[in-house]
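Here's a quick walk through one model, written for someone who likes to look at sulfurs, metals and chain contacts. Have the viewer open while you read.

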Amino acid sequence: MNDMSPDSYVTPDGRTIGGVVMEMKNITLRFGGVVAIKDISFDIREGEIRAIIGPNGAGKSSMLNVISGFYVPQEGEVWFRGSKRPQMKPYEVAGQGIARTFQNIALFDGMSVLDNIMTGRLTKMKTGLASQALWFGRAEREEIEHREQVEKIIDFLEIQNIRKTPVGRLPYGLKKRVELARALAAEPKLLLLDEPMAGMNVEEKEDMSRFILDVNDEFGTTIALIEHDMGVVMDLSDRVVVMDYGKKIGDGTPDEVRGNQAVIDAYLGVAHD
Amino acid sequence: MPDQLLFAIEVTLNGLMAGVLYALVALGFVLIFKASGIFNYAQGVMALFAALTLVGIQDGQVPFSHLINAIFGTDVHHFGWHVPAVLAILLTAAVMVLFAWIVERYVLRHLVNQPGIILFMATIGLAYFMEGFGDLMWGADIKNLDVGLPQGINETIDETTYNWFGYGFFIDNLDIAATIVAVILVVSLTLFSQYSKQGRALRAVADDHQAALSVGISLRFIWVLVWSIAGFVALVAGIMWGSKSGVQFSLSLIALKALPVLMLGGFTSIPGAIVGGLIIGVGEKLFEFLIGPLVGGATENWFAYVLALLFLVFRPQGLFGEKIIERV
Amino acid sequence: ELTFPSLSYRTGPYAANGIPFADGYADYFTLLNERDGGIGGEKINMIECETGYNTEKGVECYESTKGEGSLVYQPLSTGITYQLIPKATADNIPVHSMGYGRTSAKNGEVFRYIFNYPANYWDGASVAIKYLLNENDGSLEGKKIALVYHNSAYGKEPIRTLEELSEKHGYELTTLPVDHPGQEQKSQWLQIRRDRPDYVIMWGWGVMNQVAIQEAVNIRFPMENFIGIWWSGSENDVLPAGEEADGYKALTFHNVGSDYPVFDDIQKYVVDAGLAAGAGDQIGTALYNRGLYAAMLAAEAAKTAQEMHDTAAITPEQMRDGMENLVITEEKMADLGLPNFGPEFEVTCENHGGNGYAAVAQWDASAGEWSLITDYMQSDLEVLQPLIEEDSMAFAEESGIEPGCN
Amino acid sequence: MLDTAKTEVETVLEVNNIEVIYNHVILVLKGVSLGVPKGGITALLGGNGAGKTTTLKAISNLLRSERGEVTKGSIIYRGERVQGMTPADLVQKGVVQVMEGRHCFEHLTVEENLLTGAYTRRASRGDIDADLNMVYEYFPRLKERRKSQAGYTSGGEQQMVAIGRALMSRPETILLDEPSMGLAPQLVEQIFEIVKNLNESEGYTFLLAEQNTNVALRFAHYGYILESGRIVMDGPAADLRENPDVKEFYLGMSDEGRKSFRDVRSYRRRKRWLA
Amino acid sequence: MLYREAGDFKTSYRDDSQTFPIRFDRTAYYVLIAVALVIVPFVINDYWLNAVLLPFLIYAIAALGLNVLVGYAGQVSLGTGGFMAVGAYACYKLMTSFPDVNIFFHIILAGAVTALVGLLFGLPSLRIKGFYLAVATLAAQFFLVWLFNRVPWFYNYSASGQINAPERSVFGMKVTGPETEAWATYLFCLVFVFLSAWVVRNLTRGATGRKWMAIRDMDIAAEIIGVNPLRAKLSAFAVSSFFVGVAGALFFSVYLGAVEVGEAFGIQKSFLVLFMIIIGGLGSIFGSFAGAAFMVLMPVLLKNTLVGGLGWATDLAAHLEFMIVGGLILFFLIVEPHGLAALWRTVKEKLRLWPFPH
Ligand SMILES: Nc1ncnc2c1ncn2[C@@H]1O[C@H](COP(=O)(O)OP(=O)(O)OP(=O)(O)O)[C@@H](O)[C@H]1O
Ligand SMILES: Nc1ncnc2c1ncn2[C@@H]1O[C@H](COP(=O)(O)OP(=O)(O)OP(=O)(O)O)[C@@H](O)[C@H]1O
Ligand SMILES: [Mg+2]
Ligand SMILES: [Mg+2]
């Protein structure tokens with residue numbers, strides 16, 4: 001299939017994948033002497049689940065950081081929705097509808113689960129300082145409106161019973177789930193997930209997969225996903241980018257990637273079942 | 001040379017010397033911060049306490065005499081002996097080790113793995129406690145500290161420069177002594193923290209208490225060690241400053257002079273303390289000399305902080321501080 | 001029972017100065033109780049309250065003691081004094097800020113309840129200049145005088161006076177502020193070393209004094225030409241500099257040493273009886289004497305009040321009358337066992353500040369004591385009076401007070 | 001339930017019926033007992049929040065720094081109660097823990113991180129260098145990054161540092177908390193190979209908490225399954241692997257073999273041993 | 001189960017986000033307000049007012065303000081004394097320049113002026129973090145104090161360099177100056193305390209508060225999920241300084257009546273307010289009050305027991321007081337590092353379970 005074609009197509013399981021929403025062009029990112037990303041280009045299409053895989057230290061997380069504006073690449077361009085993105089602060093990127101989760105959980109430890117998820121909606125809350133200081137009226141109404149949205153997500157992710165718990169006390173796996181909830185609360189166009197299933201057992205991974213698929217399906221959210229569990233990657237993703245030592249060594253459908261010798265050598269070891 | 005320039009040079013030299021004195025105080029902060037991430041508010045009070053103890057031991061003062069007299073109606077003040085300076089310094093150092101042990105045993109041990117601000121707060125509690133304790137133990141009067149350090153203008157420099165420029169520079173002998181001591185301290189402490197096993201452990205502790213525990217570093221030992229060294233540094237600072245002004249409560253306020261130094265040099269860098277000290281010393285003295293008269297003087301206090309602030313805007317971790325790691 | 005509160009500070013940065021004063025204040029009252037059975041037959045109840053030189057604690061002390069019938073407050077800190085000026089006035093309790101506080105409180109027509117006899121800061125500045133005039137055969141023309149001062153309201157007090165006087169006497173004045181607490185004064189003293197002023201006058205407090213004297217020693221500034229205000233003239237200030245401080249001078253409005261009959265009584269009735277406040281080791285020091293002097297003035301004012309109102313148990317308001325009609329004469333002081341201990345002065349409704357007499361004391365390091373080297377000299381009221389008038393009237397206007405002597 | 005006799009070797013570490021409370025009020029472990037045989041690999045399995053990490057921390061005495069405490073039961077290592085000891089004492093005795101979530105010293109370089117692992121050892125410089133090389137052989141990636149500050153390395157690299165650091169102390173018993181987390185598949189295999197290797201050649205004892213049940217059961221000798229702070233099942237790894245419930249819920253196998261993650265889209269009943 | 005929340009179900013999100021979701025707490029709160037409003041004014045005397053209540057109320061406002069900055073937004077500041085001075089001097093200048101305007105507005109305006117100054121000194125917080133920032137704020141502290149001491153315009157060129165609060169009244173009752181009634185000044189301050197607590201509560205329970213807390217807990221992550229750090233930090237500085245300024249204005253005009261900047265607003269003040277919020281609990285409104293009460297009441301209480309009750313010498317008592325306050329700070333931190341507020345929460349959790357241990 002032609003990567004650059006703007007046309008949409010329909011997947012075997014009946015989802016519609018649209019045109020390219022985000023395109024990375026010749027990205028190079030260096031930290032002093034370390035080259036984290038070397039001249040990588042790839043694109044993400046509307047509505048697809050795009051996986052990024054590769055050995056440890058390949059530069060996957062760095063790539064997500066470039067997309068969310070936290071790292072500024074030395075070379076290359078980021079195109080979003082058909083236009084070149086100027087240099088942006090991370091919060092501006094978030095304002096464009098890109099939300100994410102983090103590899104080393106980055107929840108706000110001092111707040112409850114509910115408040116953490118509510119922070120996901122901050123880009124959407126518009127009342128000013130003055131009306132918030134007075135609370136009754138606009139601010140309260142807005143709060144309740146958004147609270148309702150958040151409650152939907154809480155229901156969706158089945159974390160009702162920990163709503164008021166401070167996140168610091170949660171076990172690892174639940175924290176990951178709360179992070180996903182926070183990202184979902186932003187109602188993103190593009191959702192970036194960095195190892196959402198690390199530290200989970202199969203059952204929990206299944207749950208997580210279900211959430212990811214549902215988000216993609218119900219809201220049409222485009223998802224870019226980093227994951228080391230090949231089973232998950234192969235099952236969920238539409239297309240996979242493989243990185244190694246900062247370089248792209250493969251890009252294509254799961255099956256294509258699975259058969260790619262370079263990928264097998266660098267990452268998969270033996271062909272995965 | 002024009003007079004104004006000569007004066008400026010003299011001011012600069014004295015600024016350097018003052019900077020060394022600030023650095024001596026800052027060193028204590030750096031050590032403890034480096035080893036546990038604790039911003040030790042009590043450092044100034046430790047200097048006071050050490051100096052009080054030194055004088056008390058030297059003069060054979062009876063500790064808690066005030067309290068004893070009040071309770072038992074006695075009238076004891078002095079043991080009537082006089083301890084030589086070197087011995088007194090050693091004994092005081094021993095007291096500071098004991099102090100470090102007590103702090104670890106009764107405070108720090110219970111606060112492992114707490115955020116920095118809580119630990120900071122604990123040192124404030126400690127400072128309060130020691131303030132009362134020091135007064136109770138040794139009395140609140142001003143004491144004369146004399147361990148035989150030279151003091152006053154250095155004749156040689158005065159004469160030499162007079163012969164050269166027709167204007168004799170003023171350099172205080174005490175400052176020269178302080179510089180020598182500071183250089184020795186900085187060099188040895190830098191070597192210790194960068195190249196010894198304990199030094200590495202100490203930096204590990206500052207990063208992550210739990211992880212340090214998990215690899216078998218004994219926080220207790222490290223803390224006693226560091227607080228002992230910091231206590232010793234406090235003693236040195238106490239001697240230098242106490243020689244200038246007598247030993248009294250205000251000695252604890254020298255901490256405020258050390259903070260900008262700390263900021264500028266970096267909280268975690270031992271050489272940073274000395275470099276920061278020099279910059280602050282020269283900066284504030286020159287500013288007072290050049291600009292002070294225009295704005296009414298007494299600018300040194302705030303100027304030191306503003307100078308440090310300006311540096312930080314460009315290097316948020318200070319000159320030599322460890323870079324603040326920002327990652328997700 | 002006559003209640004005298006003592007707002008002391010035995011802790012905090014100025015404890016070393018607070019302790020002897022509080023001891024002197026307390027011991028004198030104890031003496032009166034033990035020896036004379038109080039004042040006019042009424043026992044004295046002295047309540048000590050620790051302020052730590054902190055304004056808020058001072059307020060707490062005032063509030064907690066004012067209900068006990070406190071006769072007069074000696075707030076011992078400029079900050080607390082300013083607090084109490086309106087409060088005590090409203091509560092009709094007199095305040096005696098002896099040698100500190102608001103100078104213009106001298107104008108009793110405006111500050112009815114505030115007294116600052118026998119001398120105030122402006123008197124001090126003026127007497128210092130007068131002393132220097134005497135030293136220089138009546139002329140300071142062309143001399144350079146530097147003022148090293150604590151950079152606070154207190155330290156800035158003498159500037160105005162010294163400026164006015166410089167116009168009159170033709171000396172050149174430079175001012176050098178030292179920021180609180182004053183542990184680092186290199187800049188100021190380097191400048192003094194460069195400018196070589198003929199005299200240095202100091203308005204210092206706490207550690208600033210000790211450091212200044214040490215730095216003066218370091219740059220070899222002649223101690224004879226260095227004069228401090230009375231709050232820069234205690235043993236504490238000179239002792240840390242050791243032998244080298246010999247010759248340093250300070251103003252004072254009371255005498256020094258313990259060579260007075262009253263001290264024998266204190267030894268007998270107070271110290272030997274184990275009733276001494278504090279450790280008893282401060283007796284005869286400059287600040288102890290000042291505390292004692294303050295207590296003596298309070299007691300004399302109380303006696304005056306008792307006579308005026310013909311009652312032993314006076315009220316604070318009656319105490320105020322006593323203070324306003326206080327006359328200290330040589331006979332009186334001699335009777336009290338304090339011959340020639342302070343200047344003679346007289347308080348009136350218009351003048352709550354005494355006659356502005358002060359003397360100069362000099363430190364003898366080898367003997368470890370102060371000695372008076374001049375007689376009491378009066379300040380230049382011609383210059384000061386208008387300043388006082390101006391400042392007090394400004395206050396009266398600001399606070400809506402109708403000046404006058406009822 | 002505990003049955004160590006079966007293994008017929010000495011139990012080095014014995015946890016008897018412990019109860020753990022956080023912050024004075026949150027009861028997390030409700031009577032957990034387990035035994036770790038000397039020279040064996042024991043796996044601790046269970047879902048999120050089951051209490052695996054808590055159990056390991058209780059053993060290594062790291063709980064106190066989290067304001068948790070063991071309120072009941074006892075923990076015995078080599079016949080000695082270890083509850084009162086500091087973590088440092090335990091490391092001296094040869095018990096070292098690799099904490100969940102990496103916990104590297106971020107300002108120290110990778111190499112310095114590894115060297116702190118040898119803190120308690122009184123070995124010569126040469127021995128330590130040899131061990132350092134051993135770690136670098138296991139994880140060549142670390143060698144490349146040895147001079148970088150650990151805070152700037154990738155998640156997987158940090159995980160390698162954490163494991164390498166523990167190996168540097170030459171322990172007898174290693175408590176591994178989720179060693180495979182965030183590691184690439186071939187590295188996961190490799191780590192377990194290392195575990196197996198050390199176990200067989202050096203006789204190290206392992207207790208590992210692991211979510212990757214599949215691999216864990218493949219390499220472990222014995223397994224415990226923890227749920228909501230209680231042990232709900234234990235047995236030799238091989239038996240557990242064959243248990244149908246374990247198969248379905250922990251290994252993701254159903255009768256038809258491995259299911260696709262795409263196929264679990266509908267809600268389904270979960271197996272819980274405890275109500 | 002003395003303290004219960006069971007059976008206290010919420011049927012709307014509005015109820016769920018109210019300040020005191022538990023009925024027991026709500027009742028206690030209303031009772032407290034009633035006592036403060038209706039009973040205290042009648043029993044209050046000068047001692048209680050000046051030694052305890054006024055400092056408590058005013059420090060509570062300052063603590064609330066600082067808690068916004070430190071506790072909620074995580075920006076440690078040691079410039080509180082300087083900002084209080086800005087409030088005080090702004091209030092003084094306003095009072096003397098516009099004597100006809102009600103003092104209530106002067107105080108609010110003083111807060112606004114302080115907010116602007118706070119904004120300015122908050123700018124470096126974008127680059128400087130943690131303890132570096134804490135020390136950097138000392139620059140504000142020292143500079144401001146120096147400024148008010150140096151520039152005579154601020155103290156209306158008075159010879160003494162002090163500022164005195166002229167007499168002002170609200171609804172005909174004098175609230176500043178020497179002739180005030182205890183209950184009037186008390187109620188005047190109480191109104192400000194109440195309004196401050198209410199506003200801070202509103203700000204912290206909504207979007208603004210979450211922005212602050214996100215920045216506090218992990219600033220990078222916060223930025224990546226869409227919080228503009230510049231605005232969040234600066235708004236925290238402004239809001240915090242506003243309340244600190246109001247506290248400074250009240251401190252000067254109502255409580256002390258006359259201040260000298262170095263003494264009343266020195267660095268000690270900065271530390272004192274910081275102690276209050278740490279002892280009380282960072283990020284907690286209740287904590288701000290608890291901390292202020294602790295730091296104001298404790299010394300008074302100790303002094304009264306040691307000197308008044310036990311008849312000790314004042315200096316011994318004062319030294320011991322230092323030791324005890326220091327010791328108590330340590331003790332509380334060890335028992336509960338997160339302050340009195342957290343201690344109270346734990347106690348409540350225990351009560352909820354009582355008589356069962358868990
Ligand atoms: N510091 C703490 N304070 C309060 N509760 C805690 C704390 N740490 C853990 N808990 C609670 O203890 C329970 C067990 O947590 P633990 O971390 O041991 O689980 P786990 O089995 O390791 O889970 P995971 O696989 O997700 O790491 C959880 O319910 C958690 O909420
Ligand atoms: N801020 C930084 N400074 C220096 N080096 C960095 C920085 N961020 C990443 N690196 C380096 O760039 C390389 C790529 O890191 P990255 O985190 O992107 O890896 P990754 O593919 O996500 O690996 P993993 O699967 O282990 O998470 C690593 O070698 C890492 O050490
Ligand atoms: Mg990664
Ligand atoms: Mg775990």
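What follows covers the metal site, the disulfides, a few other cysteines and the chain contacts.

Keep in mind that this is a predicted model.

**The metal site**

Let's start with the magnesium ion (ligand 3), which is coordinated by the OG of A:Ser61 and the OE1 of A:Gln103, at 1.9 to 2.1 Å. A:Ser61 sits in helix H1 (residues 60-67) of chain A, while A:Gln103 belongs to the loop between strand S8 (98-100) and helix H3 (113-119), so the pair ties together parts of chain A that are 42 residues apart in sequence.

**The disulfides**

Over all chains, the structure holds two disulfides. Here they are side by side.

| Disulfide | S to S | Angle about the S-S bond | Hand |
|---|---|---|---|
| C:Cys49 to C:Cys61 | 1.9 Å | -80 degrees | left-handed |
| C:Cys349 to C:Cys405 | 1.7 Å | -95 degrees | left-handed |

Take the link of C:Cys49 and C:Cys61, which is left-handed. C:Cys49 lies in strand S2 (residues 44-50) of chain C and C:Cys61 in helix H2 (residues 55-66) of chain C, so this pair ties together parts twelve residues apart in sequence. Both C:Cys49 and C:Cys61 are buried.

Now for the link of C:Cys349 and C:Cys405, with its -95 degrees about the S-S bond. This pair links distant parts of the chain, 56 residues apart: C:Cys349 is in the loop between strand S11 (345-346) and strand S12 (357-364) of chain C, and C:Cys405 is in the segment after helix H13 (381-399) of chain C. Is C:Cys349 buried or exposed? Because its relative accessibility is 15%, C:Cys349 counts as buried. C:Cys405, with a relative accessible area of 31%, is partly exposed.

**Other cysteines**

E:Cys189 has 0% relative accessibility, so it counts as buried. Over in chain D, D:Cys104 also counts as buried, at 10% relative accessibility.

**How the chains meet**

Which chains have the most contacts between them? Among the eight pairs of chains that touch, that is B and E. Chains A and C, by contrast, do not touch, and their nearest C-alpha atoms are 32 Å apart. Chains C and D do not touch either, with 36 Å between their nearest C-alpha atoms.

Definitions and conventions. Residues numbered from 1 in each chain as written. Chains lettered and ligands numbered in written order. Predicted model: local features only at pLDDT ≥ 70, side-chain atom pairs only at ≥ 80, totals over all residues. Heavy atoms only, no water. Donors = N, O, S within 2.8 Å, 3.2 Å for Na, K, Ca; no water. Helix = DSSP H or I, 4+ residues; strand = E, 2+ residues; numbered from the N terminus. Contact = heavy atoms within 4.5 Å. Disulfide = S-S within 2.5 Å. Buried < 20%, exposed > 50% of the residue type's maximum accessible area, 1.4 Å probe, protein only.
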